[in-house]
Amino acid sequence: GEALAAIRFDGTRWSSVHILDRLAASKSIGNIDTMTDSAGVTHVVYDRHLEPSESYSVGFIIVDGEFPDKCFHITLSGELWSKPRATTGRGRYSVNNLRLSRGPGDRVRLASEMYRIDDRQYQLAYPTWRNGKWSKPATLGPSGTDVHRSTMLTDPWGSKHLWWQYYQ
């Protein structure tokens, strides 16, 4: 299996390796994004499978949603790394293309592509980190489009900007 690791340079030397997450054999970690908030807390998000794995099929013969990816979050505050935690629980969706940004009041925001397995469509999902918890993800973007390669930014005045590629 794969592992997620980190090291830090303090200006004079590199730290020892910190193993942040380990996956079982044949499991993999998807894309990673990081940011540091104004309080100096570093946030790391990445996608991977839940453990225990979730698996289900949709439709006749065709199997969809087998082992979908979920978003996991780790923080570094001072010298201490948190344990990896899923931002949401089990569900009939898979996430990809995670992007962190900072919103007003130094709220940490996460944009991701959420593939809804039941309707076989991508949407933009947008949860916010508040008081040590992720909000339920709102879905954004135009209805009826199949969103791919998205990114999002919240400017200092609180306006949300979305960019995405989609197929017409």
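Start by selecting Phe72, which stands opposite Ala86 in strand 7. Strands here are DSSP runs of E with at least two residues, numbered from the N terminus.

Before you click on, a word on what you see: this is a predicted model, where local features need pLDDT of at least 70, side-chain atom pairs count only at pLDDT 80 or more, and totals for chains, interfaces and linings use all residues. Residues are numbered from 1 along each chain as its sequence is written, and side-chain values use heavy atoms, with hydrogens and water left out.

**Stop 1**

Now select residues 69-77, which make up strand 5. Eight of these nine residues are buried (buried means under 20% relative accessible area, exposed over 50%, and partly exposed in between, using a 1.4 Å probe and protein chains only). Two strands count as paired if DSSP finds at least two bridges between them. Strand 4 (residues 42-49) also runs antiparallel to strand 5, with eight bridges; look for Arg48 opposite Lys70 there.

What do strand 5 and strand 6 form together? They make a hairpin with two residues between them, and Gly78 in the turn has a positive phi of about 70°. Check Ser77 too: Leu80 in strand 6 stands opposite.

**Stop 2: salt bridges**

Keep Arg48 selected and show its side chain. A salt bridge is a side-chain nitrogen of Lys or Arg within 4 Å of a carboxyl oxygen of Asp or Glu, and the structure holds four. Arg48 makes one with Asp21 (2.8 Å, N to O). That pair ties together distant parts of the chain, with Asp21 in strand 2 and Arg48 in strand 4, 27 residues apart. Arg48 also bridges to Glu51, where the closest N and O atoms are 2.9 Å apart, so Asp21, Arg48 and Glu51 form a linked network. Are Asp21 and Arg48 buried or exposed? Asp21 is buried at 6% relative accessibility, and Arg48 is buried at 5%.

Next, pick Glu79 and Arg8, whose side chains meet in a salt bridge (2.9 Å, N to O). Glu79 is in the loop between strand 5 and strand 6, while Arg8 is in the loop between strand 1 and strand 2, 71 residues away. Glu79 is exposed at 61%, whereas Arg8 is partly exposed at 34%.

**Stop 3: the core**

Select Met35, Val45, Cys71 and Trp134: they are among the 12 residues of the largest nonpolar core. Such a core is a set of buried Ala, Val, Leu, Ile, Met, Phe, Trp, Tyr and Cys residues joined through side-chain atoms within 4.5 Å. Strand 8 (93-102) and strand 9 (108-116) each supply at least two of its residues, with strand 8 giving the largest share, four.

**Stop 4**

Most residues other than glycine have a negative phi. Click Asn97 in strand 8, though, and you get a positive phi near 55°. Asn131 is positive as well, near 50°, and sits in the loop between strand 11 (128-130) and strand 12 (133-134). Asn97 is buried at 13%, but Asn131 is exposed at 81%.
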